[in-house]
Structures are given as structure tokens and as C-alpha cells.
Amino acid sequence: MPKRGGTEVFRITGARQGLADDVRGRQRRYIISMSVRTLSVIAAAVLWNVERHVAIVALALGILLPYIAVVIANAGRENAPSLPSTFVPAPVRPPLGAAEATEGAATEGPYGRN
């Protein structure tokens, strides 16, 4: 959609969130996962002589959470929404040699022969 200056305007409705926001979100998820892991290891140490079954589950959680946290943190950016493309390519101009082939068509108007 051309504006006054002749510049094109594009919609950004389907744009992904910014890179800084994405990294911040991934760091937050990683820190939360590592905090849960730390708490589960501490719970396993405290509950080892009291409730061994719960301590083993907490220890297993403490062992598995680092792998899960790294996979989630390195999952990458989200996919852009599947909105229709707002980019319209420029019209293709015929090559210079094609002008000779269209000379006969130049004498015809939009409603037939002139």
C-alpha cells in the first residue's frame, strides 16, 4: 500500500517476539527449572532417612531436570504464526530482447485494433 513518499508499508501482525524477549523468557524458564531441581535434591537429602520412597523420587527428579531444562531452554524460537505473507514481490519486467516480439502487440489497444 503506497503512501505519500512512495514507500511500502508492511503489516507486522504476524511478527515473532523480539530476540531479547525470547532469550529473557528462556533464561527465566531455565532458572525456574534449576530452582525446582535444587529444591528436589535438598528434599531428597532431608527425607532420605525419614521417607525413602519420596526421597528417591525427589532424587530422580533432581537428576532428570537438568537435561529437561537444557532441552527446553535450547528449543529455539517459536514459529511465526501462519498468516498470509504481506510481502508483494515487484513486477517482473520483460527482458530487452522481448521488446521486438511485442512490437506487433503495441498497435492493439485494450479493446482491439486502434
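Author: Contact means heavy atoms within 4.5 Å. This is a predicted model, where local features need pLDDT of at least 70, side-chain atom pairs count only at pLDDT 80 or more, and totals for chains, interfaces and linings use all residues. Residues are numbered from 1 along each chain as its sequence is written, and side-chain values use heavy atoms, with hydrogens and water left out.

Reader: What share of the contacts with a separation of 6 or more comes from residues 24 or more positions apart?

Author: In the protein chain, 65%.

Reader: Which order do the elements run in?

Author: From the N terminus on, α-α-α-β-β. Helices (H or I, at least four residues) and strands (E, at least two) are DSSP runs, numbered from the N terminus.

Reader: Ser33: buried or exposed?

Author: Buried, with a relative accessible area of 16%. Buried means under 20%, exposed over 50%, partly exposed in between (1.4 Å probe, protein chains only).

Reader: Where does Ser33 lie?

Author: In helix H1, residues 19–47.

Reader: And what is Ser33 in contact with, leaving aside neighbours within four places in sequence?

Author: Leu65 and Ala69. Gly62 is 29 residues from Ser33 in sequence, and the C-alpha to C-alpha distance is 9.8 Å.

Reader: New topic. Which helix holds Ile56?

Author: Helix H2, residues 52–73. Ile56 is partly exposed, at 44% relative accessible area.

Reader: How much of the protein chain is buried?

Author: Buried residues make up 12% of the 114 residues.
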